Amino acid sequence: MAENEQVETEAIDPIVRAEVARIWREWIGMDPDLSVGEREAQIDAEALRLTSMVDRMVGDSPHGFLAEQWRQERPGQEPDFPTTVALIETARRSARSKVLETELYPQLTAEATSQTEQALAEISAAAAAEARRLREARDPNRWRRSMVEVSELAERIVSRVWGTAGTFEFQMLALSLVQQRLEDNEPTPTTSVDPVREELEVMIDEQLRSQTTPF
């Protein structure tokens, strides 16, 4: 039983769960007679229900429609790995937003809904402002936290230099690091044999190790 509960918890979209917890705790309210564990279990159950709806909406080929649209806009081309990843993420973000808007937010009053939308807009604006601040300050570590806005040029560079090599995490860090170096007018690799490639790989591998090394 505990193993099944763990599998279900791992299957929950963390963004969906965080939003369910926020809405229920801050706006709707939960039964004060329930224990902390019982309240958390209710939140998990609702988050799992919404996550399942997101999964069904995304389907087995989440980027299928978006990929076809991409091909129509670029005749004769196929989306590379970074582009495919971006299409998948876009599809899931869209599905997540639709499910929250149709299933979770209607549980709120009109006033609470307005306040929630304002709060989300403020969070998004704050994140964008922080990314700009770090870029203007030339923060050398912003790529480690993905605090950059990856451009099409960065995607093309990563695709040309690394192709589909490396893990998903490696590719995402490579995109962020290349984007930062473009913004900071620092050298970026042009081919798979460019010496700069090895320099960046050392930085990325070091960051990956730091993320997986326990304290």
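I begin with Trp162, which counts as buried because its relative accessibility is 5%, under the 20% limit. Please bear in mind throughout that this is a predicted model. Phe170, at 8% relative accessibility, is buried as well. What links these residues? The structure holds 1 aromatic pair, and Trp162 and Phe170 form it, edge-to-face, with 6.0 Å from centre to centre and 75° between the planes.

Let me turn to the chain as a whole. There are 9 helices and 0 strands. Of its 215 residues, 35% count as buried. Among contacts with a separation of 6 or more, 67% join residues 24 or more positions apart. The accessible surface is about 13100 Å², and carbon and sulfur atoms hold 53% of that area.

Helices H2 (14-28), H5 (81-104), H6 (110-136) and H8 (168-183) each give two or more residues to its lining. Which helix gives the most to that lining? H5 does, with 11 residues. Of the 27 lining residues, Ile15, Glu89, Thr90, Arg93 and Arg96 lie nearest the centre. By class, the lining has 14 nonpolar, 5 polar and 8 charged residues.

The second largest pocket holds about 280 Å³. Its lining comprises 15 residues, with Trp70, Arg74, Thr83, Glu152 and Glu155 the closest to its centre. Here H4 (64-73) gives the most, with 4 residues, while H5 and H7 (152-162) each supply at least two. This lining divides into 5 nonpolar, 3 polar and 7 charged residues.

Thank you for your attention.

Key
Residues are numbered from 1 along each chain as its sequence is written. This is a predicted model: local features need pLDDT of at least 70, side-chain atom pairs count only at pLDDT 80 or more; totals for chains, interfaces and linings use all residues. Side-chain values use heavy atoms; hydrogens and water are left out. Rings of Phe, Tyr and Trp (its six-membered ring) pair if their centres lie within 6.5 Å; planes under 30 degrees apart count as stacked, over 60 as edge-to-face and the rest as tilted. Buried means under 20% relative accessible area, exposed over 50%, partly exposed in between (1.4 Å probe, protein chains only). Contact means heavy atoms within 4.5 Å. Accessible areas come from the Shrake-Rupley method with a 1.4 Å probe; for residues, only the protein chains shown count as cover. On a 1 Å grid over the protein atoms alone, a cavity is a set of points where a 1.4 Å probe fits but cannot get out, and a pocket is an open set with protein on both sides within 12 Å along at least five of seven lines; lining residues have an atom within 4 Å of a point. Ala, Val, Leu, Ile, Met, Phe, Trp, Tyr, Cys and Pro count as nonpolar, Asp, Glu, Lys and Arg as charged, and the others, Gly among them, as polar. Grid points are joined across faces, edges and corners, and a volume is the space filled by probe spheres set on the points.
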